[in-house]
Amino acid sequence: MAENTGKIKKFYNWAVLAIIVGIVVFLNIIGTFIYSRVDMTEDERYSLSRGSIEFLKKMNESSKGNKKSNRLFLKIYLDGKLPAEIKRFRNAIEDKLDEFKEIAGDRIEFQFIDPLEGTEAERDALFQILYNKGQGIIPLEILYQKDGSQSQMILWPGAEIEYEGSTRNYAQLLPGSPQGQPAQLSKEFSETTVQNSINNLEYMLISALRRTIQKQKPRIAFIGGHGELRFQETQRVRTLLEPYYSIEDIMLKDSLRVLDGFTGAIIARPRTAYSDKDLYIIDQFIMRGGRLMCFFDKLTFPQDSLNRTGMTSTVRTELGLDKLLFDYGIKTNDNYVMDVRCAPIQTPFAKQSLLPWFFYVAATPTKHPIARNIEPVMLRYVSQIQLIPGDKRLVSPILTSSTNSRVSVMAPMISLGMPMNFGKVPILADNPTSEANKICLAGLSEGKFDSHFKNRLTDEFAKNPESGFLTSSKEEGKVLVVTNGSFIANYYDSMPNKVGQMMYRPISFNNLRYDEVMAQMRMQPLIYGNQEFFQNVVDYMMGDNSVLNIRSKQIDIHPIDKEKVKNQRMKYILINVALPSLLIILLAILLFYLRKRRYARS
């Protein structure tokens, strides 16, 4: 009897083991076909943004019945024997693309390739194709320690994207290195360059896919003829937009229908007044559902006079745009906003070389999708905006001042000595922590509008079918205003070409992202969000939110507190080393006791 009981127990134990092994094998088989993970991070760094999900869903839906010809095939040239830091980046790319495939299905295929395989001639030929005369993937040359000696490796950290049977685009996933200046594969490189690239993977890949499948670019007009920013001053922002939009320079004097066929129009820092004809063209563009982006100054003054004498007066800019915009729910005032949250200015009149300059406002982003989670936007000499709600339109503040801010009088005098009047802890508002003190610096009005020229035109013109005059919006339009005209202007230099003509290019220092005064003084420069803000503005106004949410996604990096680790070193050693070992020993003792007790009874 005891022998039969032992056999039954033995059979039972083997059966349980077989069932457990079977379940584990089954789950692993299922896991190879289903990709899933749970993101428990507070900033959702491992989750796709809403814009990415919608973009990938549209890709999948648009390819139904025709998936083969519309398939996107990515060749990622990052495989083979890689250092641990680069291997981690390679695996992050694979994880991200697996997430894409979960939504886009067979529309996306990818393959990892080792570019160092093959003969030297084959490798050189491949490198030429990948580099594509500087238009493809920029190589990354790295130095790293291996077996006690320094080794060197050239990586091609990017993807070649094939679409409809041919290579259509490239995606640079890690920054390339200048020729002859290899990057040292250090802890700092891993924690900054590699980690930042991992954080930006979603944006880089979605942007590349978006450029690849885009068949027709929406048209955007840069309106000229009124002293607006010159081409060379907007080269940097134009370069950001050109992969996704068709950019053209337009003079309004040409025709009443000069903006037909354009989805968006940009007015960037005009200096002379718009005629009634110009305003009519802009008005009717909005009535037909156009998207107008206005960046202009309400006041001007001679900067050289301020630098020379320390004081100057301001002059109103009579552009004619303010009356037009007022009818769309945006009122602009002839004053300046002063804010304690500001950038410094260099002045020879003060004891210290840098003074906080309240007119250099570091504008505070709101929670609107355009501005959410971006760095402060630098607006120098910006004016107040007041938003007027309407029955058919929605108005929203996009950028504001901080709670410790105020407005000047109309057309004020500017003095370099002003910051010294407020002491070391300046207070500009009565209650410097009250949210009510925030002043609107950038505003958006969207919906349907009444024409600025309604009841202002002769019947002969207004009722003439050939004029096409619309008294109210035919389609919903959008109007965005920033009361600073030069916040998108880049610094540039020039050089003559072979035939003696001058060529212009933005300087390497990006003044849309960094404060040049602090950089020149070799101080840690302030970081600005002007570039990202402008991109978000255009994407939102043009109705493309596929990358807007990703660009605005904030990933918080929590560095280790080195001082805390040093002071509590023994505590963390016990928690991370001793405690796990102790738990394993206790578990082993418990299992031994239970086993001994069980067999002692039998």
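**Close-up 1. Helix α8 and what surrounds it.** Helix α8 covers residues 276-287, 12 residues in total, and spans 16 Å from its first C-alpha to its last. That is close to the 16 Å expected at 1.5 Å a residue, where the expected span is 1.5 Å times one less than the number of residues. Helices here are DSSP runs of H or I with at least four residues, strands are runs of E with at least two, and both are numbered from the N terminus. A word on the source: this is a predicted model, in which local features need pLDDT of at least 70 and side-chain atom pairs count only at pLDDT 80 or more, while totals for chains, interfaces and linings use all residues. Residues are numbered from 1 along each chain as its sequence is written, and side-chain values use heavy atoms, with hydrogens and water left out.

Most of α8 is covered, with 10 of its 12 residues buried; buried means under 20% relative accessible area, exposed means over 50%, and partly exposed is in between (1.4 Å probe, protein chains only). Among the buried ones are Y280, F285 and M287. The buried residues of α8 pack against β8, β10 (264-268), β11 (291-295), α10 (321-326), α11 (459-462) and β25 (477-482). After the helix comes G289, with a positive phi near 95°.

Close-up 2. The open sheet has its strands in the order β2-β1-β5-β6, with mixed pairing; two strands pair if DSSP finds at least two bridges between them. β2 (108-112) and β6 (166-172) sit at the edges with a single partner strand each, so one side of each has no neighbour in the sheet. From one strand to the next, the twist averages 20°. Inside the sheet, β1 (residues 72-76) runs antiparallel to β5 (residues 158-163) over five bridges, and I76 stands opposite A159 in β5. Helix α6 (residues 201-213) packs on this sheet and touches β1, β2, β5 and β6. The direction of α6 makes about 155° with that of β6; axes are lines fitted to C-alpha atoms, for helices over the stretch in contact, and angles run from 0 to 180 degrees between N-to-C directions.

**Close-up 3. Q232 in its loop.** Look for Q232 in the loop between β8 (219-224) and α7 (235-241). Q232 counts as buried, at 11% relative accessibility. Setting aside neighbours within four places in sequence, Q232 is in contact (heavy atoms within 4.5 Å) with N490, Y492 and Y504.

**Close-up 4. Rings around Y381.** Rings of Phe, Tyr and Trp (its six-membered ring) pair if their centres lie within 6.5 Å; planes under 30 degrees apart count as stacked, over 60 as edge-to-face and the rest as tilted. The count comes to 17 aromatic pairs. One of them, Y336 with Y381, is tilted, at 5.5 Å centre to centre and 50° between the planes. These two are 45 residues apart in the chain. Y336 is buried at 1% relative accessible area, and Y381 is buried at 10%. Y381 also stacks with F359, at 5.9 Å centre to centre and 25° between the planes. Here F359 lies in strand β18 (residues 354-365), 22 residues from Y381. Ring pairs join F301, Y336, W357, F359, Y360 and Y381 into a cluster.

**Close-up 5. Charges over rings.** The charged end of R380 sits over the ring of Y360, 4.8 Å from its centre. Likewise, the charged end of R219 sits over the ring of F262, 4.0 Å from its centre. A charge sits over a ring if NZ of Lys or CZ of Arg is within 6 Å of the ring centre and within 35 degrees of the ring normal.
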